Amino acid sequence: MRILRFPVFVLGLCAVLGGCRAGGEPLPVAVDLRADAQVARAQKLPIVLFFHSATCPFCREVEESYLGPLQNDNRKTPRFLLRSVEISQTRPLVTFNGSKTDFRAFARQQGVMLVPHLRFLGPDG
């Protein structure tokens, strides 16, 4: 029963945010969360961070079956700002307060230990 909770939650998210259909383009990657926060504040949008791993089959399923289709719909009518963070990469990232870090360190700072992990934030992070 525990295994079904996350897919049920994501299906609920699909229903609330606009439905899920077959995927498309890759998810937008986090680069500058401070700039993203300014956009989110100006457009009054929540920020959704998707923490994932390239070796996680559940992450691929969430991305392809749920978040990808949601993001495609979101491009037409923006309802949230989605950014992906690959937790094993050392790709550079600017955090909400403007400090520089990398994906791996940011995930650790955020307390992300298991993936897939979705975090819903306001413009202040």
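A: Helices (H or I, at least four residues) and strands (E, at least two) are DSSP runs, numbered from the N terminus. The protein chain here has four helices and five strands, in the order α-α-β-α-β-β-β-α-β from the N terminus on. Residues are numbered from 1 along each chain as its sequence is written. This is a predicted model, in which local features need pLDDT of at least 70 and side-chain atom pairs count only at pLDDT 80 or more, while totals for chains, interfaces and linings use all residues; side-chain values use heavy atoms, with hydrogens and water left out.

Q: Where does pLDDT stay under 50?

A: pLDDT is the predictor's confidence in each residue, from 0 to 100. The protein chain averages 87, but residues 1–8 stay under 50, with three contacts (heavy atoms within 4.5 Å) beyond four places in sequence. Residues 17–23 are also below 50, and this stretch has 22 contacts beyond near neighbours in sequence.

Q: Which residues of helix α2 are buried?

A: Buried means under 20% relative accessible area, exposed over 50%, and partly exposed in between (1.4 Å probe, protein chains only). In α2 (residues 33–43), the buried residues are L33, D36, A37 and A40. They lie on the same side of α2 because they cover an arc of only 105° around the axis, taken from the directions from the helix axis to the C-beta atoms. On the other side, Q38 and A42 are exposed.

Q: What do the buried residues of α2 pack against?

A: Their partners are β1 (47–52), β2 (81–86), β3 (92–94) and α4 (103–109).
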